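Visitor: I'm new to this one. Can you put it up and walk me through some of it?

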Amino acid sequence: MKTLFKILCISLLIMSCASNDNDEGDDSVMYPSFGDEIEVTINGLSFDAMEPFLSPNGTYLFFNNINDGINTKLYYATRVNDSTFNYVGELIGTNQTTSPHLDAVADMDVDGNFYWTSTRNYPAELNNLFHGTFNSGNVDNIERVEGDFNMNTPGWLVMDHGISLDGQFLYFNNARFDDTNCLGACETTLGIAQKINATTFNTLPNSSSILQNINDANYIYYAPCISSDNLELYYTRYLKGDITASTTFEICVAVRPNSTSEFSIPAVLFSETIANLIEAPTLTVDKSIIYYHQKTTNSHKVIMRYRN
């Protein structure tokens with residue numbers, strides 16, 4: 001248990017939806033593009049901000065501190081303007097109190113159904129995605145999220161997730177960890193599950209075909225984010241293998257013409273080596289701004305860009 005937990009934490013720390021690097025993509029497809037990066041100010045915050053998520057109404061910015069898996073918690077700030085927020089504090093109800101622990105990767109639909117990843121009671125309980133109801137800085141009615149998207153196999157975790165705005169579809173990221181053979185995730189796959197109720201989702205029968213242009217065994221994938229209209233899927237990836245100083249992390253997007261079609265070949269929006277690590281995209285409801293976090297010399301900061 002402790003070893004697997006440690007590897008998960010290392011992976012999340014490594015990886016914690018100015019120019020566009022469209023190395024891939026279909027020239028016949030219209031991909032979104034974004035302008036220059038702008039550093040987001042969170043007034044009163046004195047530590048790292050990772051895995052940002054903006055509430056559907058734009059009022060709250062959720063994030064977690066550094067993903068060390070020892071004392072990783074969820075926090076929130078309130079909006080002043082697009083690039084400025086006021087730090088409030090911990091997101092009450094989501095965070096474990098006994099170290100080591102990890103509560104991270106905030107996600108919420110338009111009705112206040114809140115989702116996050118937690119290591120509580122792992123590995124006695126293998127399902128590590130949780131649901132609660134958000135209301136003014138508190139999350140209550142907390143339950144585990146059940147469904148056949150959970151692997152229910154030691155070593156496999158739901159590392160990341162993205163909920164559709166209407167709450168009907170869960171974009172999940174299954175990851176396998178093996179400390180003997182891999183640092184971080186050994187393999188990952190993205191999938192789509194449909195809502196049965198607030199705490200149960202089952203994988204779509206055509207999930208694999210919808211994502212066939214995205215899932216590639218040569219890459220490690222995480223941090224999926226689906227746009228409000230379900231037409232743009234953002235995520236982070238890097239080439240599978242040893243992580244070195246030259247490993248490139250890419251924020252990608254794939255698009256589709258309607259909400260039931262398969263996604264296109266992905267395009268790389270932004271890329272950086274691990275020294276300036278970028279990851280975990282999230283989008284405003286109107287799709288006009290993308291937020292993500294970036295590693296700096298002394299911390300991890302939230303970055304934003306306006307859509308062109």
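Guide: Start with Tyr-75, which counts as buried because its relative accessibility is 8%, and buried means under 20% relative accessible area, exposed over 50%, partly exposed in between (1.4 Å probe, protein chains only). This is a predicted model, where local features need pLDDT of at least 70, side-chain atom pairs count only at pLDDT 80 or more, and totals for chains, interfaces and linings use all residues. Residues are numbered from 1 along each chain as its sequence is written, and side-chain values use heavy atoms, with hydrogens and water left out.

Visitor: And Tyr-87, what's its relative accessible area?

Guide: Tyr-87 has 25%, so it is partly exposed.

Visitor: Moving on, how many aromatic pairs are there?

Guide: The count is 22 aromatic pairs. Rings of Phe, Tyr and Trp (its six-membered ring) pair if their centres lie within 6.5 Å; planes under 30 degrees apart count as stacked, over 60 as edge-to-face and the rest as tilted.

Visitor: Give me one. How do Phe-34 and Phe-270 sit, and why is the pair called edge-to-face?

Guide: Their ring centres are 6.3 Å apart and the planes are at 65°, so the pair is edge-to-face. Phe-34 is in the loop between helix H1 (2-15) and strand E1 (38-39), and Phe-270 is in strand E19 (residues 267-273), so the pair ties together parts 236 residues apart in sequence. Helices (H or I, at least four residues) and strands (E, at least two) are DSSP runs, numbered from the N terminus.

Visitor: Are those two buried or exposed?

Guide: Both Phe-34 and Phe-270 are buried. Then there is the pair of Tyr-75 and Tyr-87, with centres 6.2 Å apart and planes at 45°, so this one is tilted. Tyr-75 belongs to strand E6 (residues 74-81) and Tyr-87 to strand E7 (residues 84-90), so the parts tied together are 12 residues apart in sequence.

Visitor: What sheet has E6 and E7 in it?

Guide: An open sheet of five strands, in the order E2-E7-E6-E4-E3, with mixed pairing. Two strands pair if DSSP finds at least two bridges between them. The edge strands, each pairing on one side only, are E2 (41-43) and E3 (50-54).

Visitor: How does E3 run against E4?

Guide: Antiparallel, with three bridges joining E3 to E4 (residues 60-64). Phe-53 has Phe-62 in E4 as its bridge partner.

Visitor: Which aromatic cluster is Phe-62 in?

Guide: One formed by Tyr-60, Phe-62, Tyr-76, Phe-114, Trp-116, Phe-130 and Phe-134.
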